[in-house]
Amino acid sequence: VYERTREIGVMKAFDGESVVVGGWIKTLRDSKAIGFIELGDGSSFKNLQVVFEDAKIPDYKEIAKLNVGTAIYVEGKVVLTPESKQPLELHASEITVEGSCPPDYPLQKKRHSLEYLRSIAHLRPRTNTFNAVFRVRSVAAFALHSFFNEHGFVYVHTPIITGSDAEGAGEMFRVTTLDDKNPPLTKAGAVDYSKDFFGSATSLTVSGQLEGECFALAMRDIYTFGPTFRAENSNTPRHASEFWMMEPEIAFADLNDNMALAEDMLKYTLKFVLWSAVPTKCGSSTISTTRGCSTASTHKDKFEYPVFWGCDLQTEHERFLTEQIFKKPVFVIDYPKEIKAFYMRLNDDDKTVAAMDLLGSGVGEIIGGSQREERLDVLESRMDELKLDKKGYEWYLDLRRYGGTKHAGFGLGFERLLMYMTGVSNIRDVMPFPRVKGSAEF
Ligand code: 4AD
Ligand code: MG
């Protein structure tokens with residue numbers, strides 16, 4: 001029977017027993033007759049103190065010369081040491097080298113800057129900081145699935161390759177099988193995408209929302225969770241070209257239902273991740289953009305960018321609202337229609353749409369969502385105003401033709417949530433392999 005080595009984090013349970021562990025050398029110090037290795041296997045933040053003695057280990061001198069980063073197996077006895085700094089030790093009877101490591105290993109035992117670690121993204125999961133961040137990422141994804149599953153939502157996998165621009169913002173990465181040096185051309189001289197594998201121009205999805213709506217208008221409560229792509233030319237600490245989005249969509253529901261869902265989801269996820277250390281107060285506030293702008297404009301000399309009704313909120317305005325005025329997450333609702341997507345439901349004032357952005361301190365926009373325009377005529381005239389080609393959206397308009405109903409949904413930027421949860425200030429440091437402008441070597 002194959003018996004795997006023990007995890008280093010559970011050694012306490014093996015007091016007095018003989019075990020075999022595998023791990024990497026974090027530090028090594030030795031004197032003539034006795035040496036100490038701090039051994040880590042990444043399964044927890046605990047390192048194991050391995051004691052090895054010249055009298056007991058035949059190749060003592062070679063072991064004492066091993067470099068930080070070497071992968072080894074240690075067989076030995078677990079001895080609890082309640083009186084010393086570390087709770088227990090492993091007294092080695094045998095140490096074997098599994099994988100050697102040269103002395104110029106880029107991760108030496110010292111503080112490395114996040115910038116430096118970004119340049120070695122393949123090695124940074126080995127640091128405590130990134131071990132922690134990526135564990136939070138894993139648990140948070142599970143928590144979100146758990147929330148929606150408990151609430152009876154159906155998880156829908158929406159396509160990655162798509163023919164429609166879900167946000168109508170033209171920030172799509174093109175996908176094509178055509179030879180880019182010598183593409184087939186139409187009579188008018190344009191690239192002939194009908195000759196492409198997909199028979200039309202396709203891109204990587206910016207959002208699974210529109211396909212999600214098809215399922216909400218069939219199954220009531222659904223969500224999507226997957227990678228989304230934006231070819232936006234912004235090089236900021238909050239934007240990535242590839243990021244994960246969680247998008248619930250609910251039928252027979254309006255903007256208030258949507259906000260209530262978002263708040264419940266966030267509280268559940270934060271509690272799940274923090275487990276027992278539940279914050280005593282988590283809640284949110286809601287303000288209209290009108291109120292947000294007038295609040296901010298009474299402090300207008302604080303800002304680099306002026307605030308006025310109809311402007312898009314800049315990071316500094318968002319931070320002002322969450323960090324100085326409300327001091328908790330804030331829903332900003334009813335945005336001017338000009339700065340929001342075509343599918344958002346027009347309010348009775350004809351000027352604003354039933355949109356909601358949830359802003360969090362330190363991060364800004366974590367969630368963007370809306371009630372959807374369910375009235376066919378209003379939606380069509382909005383698309384005309386924006387000069388969107390309705391031909392590609394006939395299937396989307398069908399949802400309004402055949403039993404259309406009030407419905408709503410939102411997109412949670414998964415990395416933004418992680419930044420909010422962990423306090424990590426750059427999106428590159430919550431993504432295993434960040435895709436940002438100028439970087440995709442993996
Ligand atoms: O506000 P957005 O663009 O909304 C949508 O895509 C809707 N279709 C969602 C929906 O209603 N189903 O994006 C949603 C969220 C933002 O609030 C933000 O948290 C995140 O996605 N996001 C980004 N995260 C990282 N990098 C980027 N470039 C992002 N763009 C948006
Ligand atoms: Mg948005």
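This is a predicted model: local features need pLDDT of at least 70, side-chain atom pairs count only at pLDDT 80 or more; totals for chains, interfaces and linings use all residues.
Local features were required to have pLDDT of at least 70 and side-chain atom pairs pLDDT 80 or more, whereas totals for chains, interfaces and linings use all residues. Residues are numbered from 1 along each chain as its sequence is written, with chains lettered from A and ligands numbered from 1 in the order in which they are written.

Helix 3 (residues 128-150) packs with helix 5 (residues 255-274) at an angle of about 135°, the axes being 9 Å apart. Helices are DSSP runs of H or I with at least four residues, and strands are E runs of at least two, numbered from the N terminus. Axes are lines fitted to C-alpha atoms over the stretch in contact, and angles run from 0 to 180 degrees between N-to-C directions. Residues in helix 3, including Val136, Ala140 and Phe147, meet residues in helix 5, among them Met265 and Phe272 (contact: C-beta atoms, placed from the backbone, within 7 Å).

Eight of the 11 residues of helix 4 (residues 209-219) are buried, so helix 4 is largely enclosed by the rest of the structure. A buried residue has 20 or more other C-beta atoms within 10 Å of its own, with C-beta atoms placed from the backbone. The buried residues include Gln209, Glu211 and Phe215, and their packing partners include strand 10 (221-229) and helix 9 (394-401). Arg220, which follows helix 4, has a positive phi, near 80°.

Ligand 1 is surrounded by 23 residues, the closest being Ser207, Gln209, Gly368, Gly411 and Gly413 (C-beta atom, placed from the backbone, within 6 Å). Strand 15 gives the largest share of this shell, six residues.

Conventions:
Two residues are in contact if their C-beta atoms, placed from the backbone, lie within 7 Å. A residue is buried if 20 or more other C-beta atoms lie within 10 Å of its own, exposed if 12 or fewer, and partly exposed in between; C-beta atoms are placed from the backbone.
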